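Hi there,

Here is the structure I promised to pass on. Have a look at it first, and my notes follow below.

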Amino acid sequence: MQDGEVIIERRGTAAIIRLNRPRALNSLTLPMIRTITAALQDFADDPEAASVVMTGEGERGFCAGGDIRALHESARAGDGLAGTFWREEFRLNHIIASYPKPYVALMDGITMGGGVGLSSHGRHRVVTERTRLAMPETGIGYVPDIGATWLLPRGPGEAGTWLGLTGLDIGAADAIHARLADLQIASSRLGEVIDALSGLPRASSGDVDAVLQTLSEPQGESRLRQNAAVIDRAFRFDSVEEILATLAEEEGEFAAETLRVLLTRSPTSLKLALRLLRAGRRSASLAECLGRELGACLQMLDNPDFFEGIRAAVIDKDRNPKWSPASVEAVEVARVEHFLKPAEPPLSL
């Protein structure tokens, strides 16, 4: 397939899946998810496909996530599309995490939300000097999904909590530090990666690692590593109020910037995201986290902050959401518990 929103091709023994919505930063639609899922299933059964490469067209982004405008419109219409999208996207995330062949994600440029789901669950995660990775959901009245509540708690210290609550974007070194990526390769050499993989007569994980290591370069300094002590002190708590209070007492610009950002996020999203991240830390599997996230996502369709956040970010673009409630202190425990209702029917993987 050489046209449409997803391009499927074979080069030697490498099977290549290219996201092809560069003007939309390759944001995901339901048809794209279905095409990718079908392609992965086909390649898993194809003896001539030794490895799979996931990449994005255009120079700006690998994948900016799900098409949130479409999700917003579906929620307004009550047509069920949003729920179907999440169910099929989460199934795809689980397929990637358990894929039987080497799966290589080239995370060049913007990699956010659903883009993290397409890449960080994979076995071989490549970032470049252009990578900007984020789980920005608390800024649109939503919560980290795509299995992020499994991935983020498994980073060092509280780095994942910082990422999940602030929604701030990070570069290659931070992505590797947070264990969301494995190594850095220059964007100008990604074509060499595909060429090298296409020539492998077989492709065990060790074979692919050897190719990637040969082309890799040292990453720069990690800002998250440099500020790990502050992050771990402030984000070790199980309440957002304690996190905010601790940041207010910390010295330095990093803590001050983090506090300023958190105060702009949806208070409801912050509290729910923290609950989900802590539950993810205690979970035994990605599947358990995805099922819990789906329940929260479906409840989000009745959350005014979800509509307000998307309005402010992508519809009116005034970047000035009016959250309700407007402070974390005003978010009642019962409100957070409401979002933790199990999905009906449960997620089928």
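I'd start with helix 8: the elements covering its buried residues include strand 1 (6-11), strand 2 (14-19), strand 3 (51-56), strand 5 (103-107), strand 7 (124-127) and helix 9 (205-215). Please keep in mind that this is a predicted model.

Which residues of helix 8 (residues 190-198) are buried? They are Leu-190, Val-193, Ile-194, Leu-197 and Ser-198. Looking down the axis of helix 8, these buried residues fall within an arc of 125°, so they line one face of the helix. The spacing makes sense, because an α-helix has 3.6 residues a turn and residues three or four places apart point the same way.

Next, a pair of helices. The axes of helix 12 (residues 240-249) and helix 14 (residues 267-282) come within 10 Å and cross at roughly 105°, which means that helix 12 is roughly perpendicular to helix 14. On the helix 12 side, the contact is made by Val-240, Glu-241 and Ile-243, and on the helix 14 side by Leu-270, Lys-271 and Leu-274. Sorted by class, this contact between helix 12 and helix 14 has four nonpolar residues, two charged ones and no polar ones.

Is His-72 buried or exposed? Its relative accessible area is 9%, so His-72 counts as buried, the cut-off being under 20%. Apart from neighbours within four places in sequence, His-72 is in contact with Phe-307, Ile-310 and Ile-315. From C-alpha to C-alpha, His-72 and Asp-195 are 40 Å apart in space, and 123 residues apart in sequence.

Best wishes

Definitions and conventions: Residues numbered from 1 in each chain as written. Predicted model: local features only at pLDDT ≥ 70, side-chain atom pairs only at ≥ 80, totals over all residues. Heavy atoms only, no water. Buried < 20%, exposed > 50% of the residue type's maximum accessible area, 1.4 Å probe, protein only. Contact = heavy atoms within 4.5 Å. Axes fitted to C-alpha atoms, helices over the stretch in contact; angles between N-to-C directions. Helix = DSSP H or I, 4+ residues; strand = E, 2+ residues; numbered from the N terminus. Parallel < 35°, antiparallel > 145°, perpendicular 65-115°, else oblique. Nonpolar A, V, L, I, M, F, W, Y, C, P; charged D, E, K, R; others polar. Arc of directions from axis to C-beta.
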